[in-house]
Amino acid sequence: MDALERVVKPKTKRAKRFLEKREPKLKENTKNAMLIKGGNANSTVTEVLKDIYAVKKPFAILYKKKNITRPFEDQTSLEFFSKKSDCSLFLFGSHNKKRPNNLVLGRMFDYHVLDMIELGVEKFVSLKDVKNSKCPEGTKPMLIFAGDMFDVNEEYRRLKSLLIDFFRGPSVPSIRLAGLECVLHFTAVDGKIYMRSYKVLLKKSGCKIPRIELEEMGPSLDLVMRRTHLASDDLYKLSLKQPKALKPKKKKNISHDVFGTTYGRIHMQKQDLSKLQTRKMKGLKKRPAEKSAEGGGSKPKKSKSA
């Protein structure tokens, strides 16, 4: 049977709207994440998934039932859940003797696994263990990365890109100062990744600019990198490709400097400065003698007719 014959056309308006939402768009929707618990997940992994879900809400789906799957061996179940829930990001948690407190962070491209990185949880402090105030649901976090490994090592570079993709939230046209409430800080040092989350407190400073303090609110994780499954360079470039309609059109005679200032070049004809209109002042007016000197002498007066 041909593939074109297997395409089922929507029979209702609701089904048609559902399929239209999943069609490719110039401006894609905010990426959703699915959090899946493995068949042998322990209490630590379960709490980690719940806390990441609390940070990621409302752009996340938490599957509470256990799913017996191994992402590095078989990815069909992940791709099935991705297509069913329309999620392009996933976090899979599991636990066994060989890999205790295991997390697999990954993303999809065209409902197929693009790349994923396996992380081990060595230390975990949950949201409920920290008694400070929390950020409201849906707060867009500020992401900070510290450590040379995020710029030197290819695996850590891809992990940084994956973490930005996972936690960045929706794209916004403008930012309100009071909305900058949450900070996620990632530090890579000595082969470990430290994740810390803080709440931003804006306090009085005696001037317009407030004094900023950071208060830890959880969750905090000490992670170690284990296995990686990275996409090839060609596939990775294909996933980053943008449609032509989104690419800015090149404008002639316009340039930008390193500070973002725009410069425009205007082409004009050569001006005759002798014809330039200046401000009229009484002191600059020519006297009759000067006008007659320029004209080559005074003209003879006409005689009056009798």
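This is a predicted model: local features need pLDDT of at least 70, side-chain atom pairs count only at pLDDT 80 or more; totals for chains, interfaces and linings use all residues.

**Entry 1: the whole chain**

How many helices and strands does the chain have? I found seven helices and 12 strands.

Next I looked up the overall spread. The radius of gyration is 33 Å, whereas the globule rule gives 19 Å for 306 residues, so the chain is more spread out than a compact globule. The box filled by the C-alpha atoms, taken along the principal axes, is roughly 130 × 65 × 40 Å.

I also checked burial: 28% of the 306 residues count as buried. Then I turned to contacts between residues at least 6 apart in sequence, and 67% of them join residues at least 24 apart.

I picked K13, which lies in helix α1. Is K13 buried or exposed? Its relative accessible area is 68%, and exposed means over 50%, so K13 is exposed. I also looked up how far K13 is from V125: the two are 112 residues apart along the chain, and their C-alpha atoms are separated by 47 Å.

**Entry 2: the two sides of α3**

Which residues of α3 are buried? I noted L78, E79, F81, S82 and S85. They sit on the same side of α3 because they cover an arc of only 160° around the axis.

I then asked what covers the buried residues of α3. The cover includes the strands β1 (33-38), β2 (60-67), β3 (89-94), β4 and β5 (112-125). Just after α3 comes D86, with a positive phi of about 55°.

**Entry 3: the largest pocket**

I went looking for pockets and wrote down a volume of about 1,800 Å³ for the largest one. It is lined by 45 residues, and the closest to its centre are E28, N29, K31, S88 and S239.

Which element gives the largest share of the lining? That is α5, with seven residues. The elements that each supply at least two lining residues include α1 (13-21), α3 (76-85) and β4 (102-109), along with α5 (154-167) and α6 (233-239). So much for where the lining comes from; I sorted it by type as well. It divides into 18 charged, 17 nonpolar and 10 polar residues.

I searched for cis peptide bonds. One runs from K57 to P58, with omega near 5°, and P58 is in the loop between α2 (43-56) and β2. Another joins G218 and P219, with omega about 0°; P219 lies in the loop between β9 (211-216) and β10 (220-229).

Then I looked for positive phi values. D110 is not a glycine, yet its phi is near 60°. I located D110 in the loop between β4 and β5, and at 58% relative accessibility it counts as exposed. D190, again not a glycine, has a positive phi of about 55°. Where is D190? It is in the loop between β7 (182-189) and β8 (192-203), and D190 counts as exposed at 74% relative accessibility.

Definitions and conventions:
Residues are numbered from 1 along each chain as its sequence is written. Side-chain values use heavy atoms; hydrogens and water are left out. On a 1 Å grid over the protein atoms alone, a cavity is a set of points where a 1.4 Å probe fits but cannot get out, and a pocket is an open set with protein on both sides within 12 Å along at least five of seven lines; lining residues have an atom within 4 Å of a point. Grid points are joined across faces, edges and corners, and a volume is the space filled by probe spheres set on the points. Helices (H or I, at least four residues) and strands (E, at least two) are DSSP runs, numbered from the N terminus. Ala, Val, Leu, Ile, Met, Phe, Trp, Tyr, Cys and Pro count as nonpolar, Asp, Glu, Lys and Arg as charged, and the others, Gly among them, as polar. Buried means under 20% relative accessible area, exposed over 50%, partly exposed in between (1.4 Å probe, protein chains only). The arc is that of the directions from the helix axis to the C-beta atoms. Contact means heavy atoms within 4.5 Å. The radius of gyration is taken over C-alpha atoms; the globule rule is 2.2 Å times the number of residues to the power 0.38.
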